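Welcome! Here is a short briefing to read alongside the sequence and the 3D view.

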Amino acid sequence: MPPNPLHQQPTDACAPAQVTKRSAPARAAACILALAFLVLTIFPVQAGAQKATPVELWQALADGGCNVLMRHAQAPGVGDPDNFTLGDCSTQRLLSAEGRQQAARIGEAFRQREIPIGRICASQWCRTMETAALLDLGPVEPLPVLNSFDTPETAESQTQALADVVSTPPERGNTLFVTHQANIQALTGVALQEGEILVLAPRDGGFAILGAMPPAP
């Protein structure tokens, strides 16, 4: 495999389908294996989040041209019930009342700073779509490449596809991608809290990790 161009030094700055899920322990084991495989082989050189301060990250976003990975807001529990069905929110792990308030606060933080958002994409899971909608920063596009993956084989191909997406500069403003912890960690090696964001700078066909910001208080 040729050298991966994704991790570089920082620069200045979609239709629902039915998904059959395995049991929760099997899903957890598959995700652990997927993350280990991806982080150690596909992305052998981990840049990690740079030491940019929140002030510097907000300035980078104000300047535009960044891709932002966001973990969905607070949703109690781990994974999804065994009867999970994509498109049926009653079968999924959902945002709590605090999670909905958290998403609204994050959106307000973006608006107060007049951060330009040209596009918002989210996993087709209900908790990610609701998080993106509650940000109230613009229309939300469901993007299957952001969906939580289920097996190491799925994780490998999907993570590479997501790498291609976030390595593409936004056409205008910044692009915000709302997804899941497993997807973000497989791509970047960075573990985020619920509601936390990771700021990426597309560059030369890859991306630099500028840093992470905690959820809005």
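Which residue forms a salt bridge with Arg119? The partner is Glu141, and the closest N and O atoms are 3.0 Å apart. A salt bridge here is a side-chain nitrogen of Lys or Arg within 4 Å of a carboxyl oxygen of Asp or Glu. This is a predicted model, where local features need pLDDT of at least 70 and side-chain atom pairs count only at pLDDT 80 or more, while totals for chains, interfaces and linings use all residues. Residues are numbered from 1 along each chain as its sequence is written, and side-chain values use heavy atoms, leaving out hydrogens and water.

**Strands** (helices, H or I of at least four residues, and strands, E of at least two, are DSSP runs numbered from the N terminus)

- Strand E2 (residues 117–122) runs parallel to strand E4 (residues 174–179), joined by 5 bridges; two strands pair if DSSP finds at least two bridges between them.
- Within this pairing, Ile117 has Asn174 in E4 as its bridge partner.
- E2 also pairs with strand E3 (residues 140–142) in the parallel sense, over 3 bridges, and Cys121 stands opposite Glu141 there.

**Salt bridges**

- The whole structure holds 6 salt bridges.
- One of them joins Glu194 to Arg93, with the closest N and O atoms 3.3 Å apart.
- That pair links distant parts of the chain, 101 residues apart.

**Exposure** (buried is under 20% relative accessible area, exposed over 50%, partly exposed in between, with a 1.4 Å probe and protein chains only)

- Arg93 is buried at 10%.
- Arg119 is partly exposed at 33%, and Glu141 is partly exposed at 28%.
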